[in-house]
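Trainee: Could you walk me through how to read this one? I'd like the general idea each time, then the case at hand.

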Amino acid sequence: MSDHPIGKPVPRKEGRKKVTGQALYVDDLSFPDMLHGATVRSPVPRGKIRSIAFGGDIPWHEFTIVTAKDIPGANYVALILNDQPYLAEGFVNHAEEPILLIAHHDKYLVQEARRHVTIEVDEQPAVFTLEESLAKKAIVWGEDNVFKKFLVDKGNVDDVWANADLIVEGEYETGAQEQLYIENNGAIAIARPGEGVTVWGSMQCPYYVHKALVKLFDLPEDKIRIIQTETGGGFGGKEEYPSLIAGHAALLAWKSGKPVKLVYDRAEDMVATTKRHPSRTRHKTAVSKDGKLLAMEIDFVIDGGAYCTLSPVVLSRGTIHAGGPYNCPNVRIHSRAVATNVPPQGAFRGFGAPQSIFALERHFDLVARAVGLTPEEFRKRNFVHEGETTATSQVIRERVDMNGLLDRALQLSDYHAKRERFARENANANGGFSKKRGIGFATFMHGAGFTGSGEVYLQSVVSAEATSEGRVQILAASTEIGQGTNTIFSQIAAEALGLDFDDIDIVQPDTGRVPNSGPTVASRTSMVVGKLVESAVIGLKQTLIGSGLLGEGYTPADFRAACREYVARYGPLKSSATYQPPPNIHWDDEKYQGDAYGAYAWAVYVADVSYDELTYEARVEDFVALQEVGRVLNPVLAAGQIEGGVAQAIGFTLFENVVWKNGRMANNQMTNYIIPTPVDIPPIRVYFEENPYAYGPGGAKGIGELPMDGAAPAILNAIEDATGQNFTRIPLMPEMLMEQYEQERNRT
Amino acid sequence: MRSYVPNYQLTTPASLADALALLAAEPGVWKAFAGGTDLMVLLEAGKLPHRNYVNIWNLKELRGIDVDTDHVTLGALTTYTDVQENATLRSEFPMLCQAAGETGGLAIQNRGTLGGNIVNASPAADSPPALLAYDAEIELVSTRGSRWLPYHGFHTGYKQMSIRPDELLSRIRLPRNTTAAKHYYRKVGTRKAQAISKVCFAALGRTSNGQIDDVRIVLGSVAPIVVRCVQTENALRGQQPDSTTVKSAQTSLLREISPIDDIRSTANYRLQVAANLLADFIATLKS
Amino acid sequence: MSKSEIALKVNGQSHRLEVFPMARLLDVLREELQLTGTKEGCGEGECGACTVIVDGRIVNSCLVPVVQVNGSEITTIEGVAGEDDLHAVQHAFIEHGGAQCGICTPGMVLAAVDLLERNPQPTEADIRTALAGNLCRCTGYMKIFESVLQARSSK
């Protein structure tokens with residue numbers, strides 16, 4: 001009988017390869033006669049390229065050199081607005097922008113040679129922050145520096161302000177954050193005019209790369225083949241960026257006629273690739289004296305960097321999440337993604353939501369205090385319930401119990417007792433420097449899958465194929481990047497077929513072989529693509545039953561025998577499933593209203609912090625993460641997602657500060673851009689409420705991005721509890737904490 | 001890897017004598033290369049201008065920790081792991097052990113050496129503040145012989161030190177007079193492990209009859225070199241560890257250090273934290 | 001500059017190699033010996049992905065010029081498992097979710113194996129300290145600590 005793997009802590013499918021060092025990442029691959037590539041980049045943030053000189057004692061005649069003139073197709077990275085060139089032609093818009101590519105057999109000589117290319121640029125005025133961009137200090141993109149705007153309007157906020165009991169305003173900021181996957185970006189290409197292009201690479205979305213290279217080389221779709229190699233983390237950082245590096249490797253291969261490997265080192269990966277969009281959010285909130293929300297006006301701005309990349313979509317998710325899990329009759333959200341002359345910002349776990357949720361959950365602690373309620377009581381009076389509406393006027397139809405989640409999270413974290421004890425102990429600190437303690441929380445939701453009609457446009461497909469040995473292969477472009485795709489798909493397929501987990505094989509994502517199941521992003525892999533895996537394998541079963549080779553109540557042995565017989569008689573046994581939206585989903589792209597997401601995960605996170613007056617360092621001492629994510633498909637993988645996300649969010653909040661100098665990341669080393677180490681992470685205690693979702697496989701909803709959302713506001717709320725001071729910007733480095741803390745202390 | 005490896009020479013002499021002979025034969029051409037934990041980072045980044053190195057890692061003459069009645073003497077190649085494993089150092093020189101335990105992760109501690117930490121001459125190095133607070137002396141050797149000198153004064157400016165091109169740092173000696181004192185070491189680096197310090201504070205203090213008599217205060221990452229704050233020590237000597245003393249000592253300390261803004265921190269933060277740590281240290285002398 | 005010959009033993013096997021003395025041990029393992037299980041994450045000794053064991057001590061192979069391991073015995077991730085079975089640490093990492101994307105895993109496993117060699121009964125605090133030089137961006141470390149605790153009790 002089947003081992004019924006859903007809901008069980010089945011070990012990771014490719015775990016053995018990973019713990020023995022046998023898993024092959026892109027830099028582990030090598031081809032005969034392979035060249036090594038390098039990218040020559042802009043030394044300045046903005047300007048006109050005057051000259052390029054090849055100097056030094058370098059045998060330049062041995063090098064393959066590619067400039068924009070060598071591009072056979074269109075010189076842009078096909079994505080949304082197609083404004084980003086593969087190689088700058090005449091003009092650069094950000095520091096480290098790729099200008100030319102070089103390759104040679106000797107990988108060390110390539111690096112030496114790169115240093116001897118001198119590029120002179122006549123600099124032009126540049127803008128480096130979203131404030132400068134909004135102020136139009138220089139127009140650096142389009143007519144007004146704005147990539148995209150949204151307006152969400154519910155009710156009419158303007159009618160409320162005059163008669164509201166209380167209005168609370170606040171401004172909040174978040175900084176850039178580096179994804180810092182431990183495997184840097186890299187690609188290997190083989191490309192020949194007349195034959196086509198094949199790329200192996202570290203990536204999340206093989207079909208994004210495919211789409212981009214079709215345009216870059218002006219080739220038919222079947223002449224471009226993209227293969228994902230084992231991928232050492234992505235977190236969004238390998239969502240759109242691989243289209244660029246894969247194209248660069250392919251251009252060098254195209255010109256040289258040889259395989260070309262292009263793998264960044266850490267310094268280049270940090271300085272040149274995408275980061276989380278910095279943001280600024282302004283809140284104006286009207287409440288009644290009994291603490292009911294009357295109106296929320298939110299102005300949300302993100303810094304998109306020099307080119308559009310995915311900024312409109314990041315902005316969309318940030319905008320929709322800006323109103324949180326609350327029921328407010330009047331909401332206006334105005335949002336903009338603006339251009340600056342820093343390297344383009346891009347996808348990073350949470351995708352705009354961590355930014356706007358930080359602002360909201362920090363702000364709501366202030367509103368609660370202003371209205372004289374505890375943070376928990378204020379939220380309880382305003383949570384959205386079944387039948388009520390979110391900011392986009394989406395009627396919540398699933399069962400949701402934020403009150404219950406909040407009570408349980410506060411109990412699990414011993415919140416009330418700690419809050420009381422910390423207040424007493426902080427007050428009793430006698431002279432000298434003390435360690436203050438505080439506790440705070442955030443309540444939030446995260447929508448799974450593409451926004452609005454996105455999944456309908458994607459039309460994702462998954463195939464399943466049974467071999468003559470009775471093994472079932474899953475063919476999908478959804479990638480394993482550490483989050484557990486291989487394992488979850490195998491669990492879903494085995495469960496649906498009544499087979500064992502080990503009877504399922506996952507085919508390596510290769511656009512020459514697998515259908516387009518959409519990008520591996522947006523917490524959609526388990527919920528959306530997993531459902532397609534389920535449907536596809538059920539198709540196999542139905543074919544076998546329909547052909548009379550398999551009866552109901554079969555055993556795995558019967559299934560294998562039926563496959564063998566079917567393949568012998570009729571040839572390959574294959575089944576595909578295409579995305580079907582759940583019923584009653586309506587989204588209005590014009591008004592930005594309606595069912596933004598088919599399903600939400602709901603969560604309450606509680607942070608217990610200490611604050612050292614001696615060094616102004618805040619540390620998280622204990623962390624409780626409680627969430628409702630539908631059915632948990634694999635408790636070990638699910639907890640691993642939450643723990644990893646919370647750790648990244650702790651980094652986002654207290655450690656990870658991108659230091660910008662003239663539009664360039666100045667601390668582009670792991671020594672100076674610091675992420676949490678094993679001794680910096682508190683116990684992260686993860687709990688799930690299970691509430692199966694009717695349209696997810698086995699009842700699952702999305703989970704991957706959720707844990708990035710709640711930690712930052714929970715931690716800053718806790719720091720306010722510890723210090724009595726209102727901090728509004730992250731990363732909250734000790735230097736910034738000190739400036740404000742000492743200023744406030746001197747004032748009082 | 002941004003350097004062109006064939007451009008670099010790393011020659012391995014069979015003995016200390018051979019190493020010194022090479023240094024003497026072509027002064028300035030060869031530099032010593034120990035555990036590599038600093039130099040290899042520069043090599044990787046393409047920022048290692050000097051090309052010719054003498055590999056001293058395998059020289060047994062530069063290893064070992066000797067304890068006699070008055071001193072503990074450490075070979076220059078003593079690693080951070082060696083430091084932490086030594087019982088005498090753990091009981092009598094806890095700040096050095098703490099510094100060693102907070103330098104990088106274990107893999108770094110297995111390779112990084114005290115001699116390398118001194119000669120690399122970074123103002124943010126973790127062990128020099130402890131060594132200075134413990135009144136370390138260092139031995140420099142060359143084909144011409146050897147000389148002992150106080151470690152205090154060895155660093156003369158940013159990355160500058162009193163060592164001749166033909167000399168090697170061979171040993172470090174610590175006087176065993178620390179047991180009755182309070183040891184106060186604090187490395188401030190935001191994260192708990194693998195940090196480069198923003199401020200490093202090492203101090204040793206002793207009181208008699210409620211008055212501070214012996215005190216040594218050393219700070220890292222707040223000036224071009226690791227600084228022993230002699231004027232602050234003078235301001236403290238003979239005083240009671242009370243709030244008036246704290247104020248005047250802080251005033252003196254802020255004159256002795258000259259931190260800057262850089263990619264890791266700000267001058268303001270370093271000044272404020274240094275003053276706080278000094279106050280906290282003085283408070284420990286009360287009990 | 002010229003290459004020099006060195007001898008070393010990797011995972012029990014002896015090799016003689018012609019190398020540039022300043023070549024990184026990491027590159028020699030990966031490129032000359034095709035032992036690609038050792039990963040490069042940062043090239044500056046911060047992340048620990050390139051951890052290997054040299055003469056009984058873990059090192060960052062990106063920071064070791066290869067001439068300094070002349071005559072040494074080295075264990076890489078490829079040499080951790082026995083002939084028939086995985087090491088207890090490897091089993092535990094699979095069972096308890098200690099590996100996600102897997103890129104830090106070889107270094108993490110070697111650091112854990114080294115810890116258990118030196119201290120067969122580490123506490124969670126010991127584990128945190130021993131692994132402090134190995135960074136992971138996926139797991140938040142909790143499952144790694146659980147894995148090492150499990151390997152400890154199964155030894």
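**Reading chain B and its surroundings**

Mentor: Take contacts in chain B between residues at least 6 apart in sequence: 63% join residues at least 24 apart. Two residues are in contact if their C-beta atoms, placed from the backbone, lie within 7 Å. Keep in mind that this is a predicted model, where local features need pLDDT of at least 70, side-chain atom pairs count only at pLDDT 80 or more, and totals for chains, interfaces and linings use all residues. Residues are numbered from 1 along each chain as its sequence is written, while chains are lettered from A and ligands numbered from 1 in the order in which they are written.

Trainee: What radius of gyration does chain B have, and what would a compact globule have?

Mentor: The radius is taken over C-alpha atoms, and the globule rule is 2.2 Å times the number of residues to the power 0.38. For 287 residues that puts a compact globule near 19 Å, and chain B agrees, with 19 Å. Its C-alpha trace spans about 60 × 45 × 30 Å along the principal axes.

Trainee: How many helices and strands does chain B have?

Mentor: Helices (H or I, at least four residues) and strands (E, at least two) are DSSP runs, numbered from the N terminus. Chain B has eleven helices and 14 strands.

Trainee: Which residues of α11(B) are buried?

Mentor: Buried means 20 or more other C-beta atoms within 10 Å of a residue's own, with C-beta atoms placed from the backbone. In α11(B) the buried ones include Tyr269(B), Arg270(B), Leu277(B) and Phe281(B). The buried residues of this helix pack against α18 of chain A, and also against β11, β12, β13 and α10 of chain B. Across chain B, 53% of the 287 residues are buried.

Trainee: In what order do the strands of the three-stranded open sheet in chain A run?

Mentor: In general, strands of a sheet pair through backbone hydrogen bonds, either parallel or antiparallel. Pairing here needs at least two DSSP bridges between two strands. The order is β4-β2-β6 (chain A), with antiparallel pairing. β4 (91-92) and β6 (117-123) of chain A are the edges: each has a single partner strand, so one side of each lacks a neighbour in the sheet. Two bridges join β2 of chain A to β4(A), and Lys48(A) sits opposite Phe91(A) in β4(A).

How values were computed:
A residue is buried if 20 or more other C-beta atoms lie within 10 Å of its own, exposed if 12 or fewer, and partly exposed in between; C-beta atoms are placed from the backbone.
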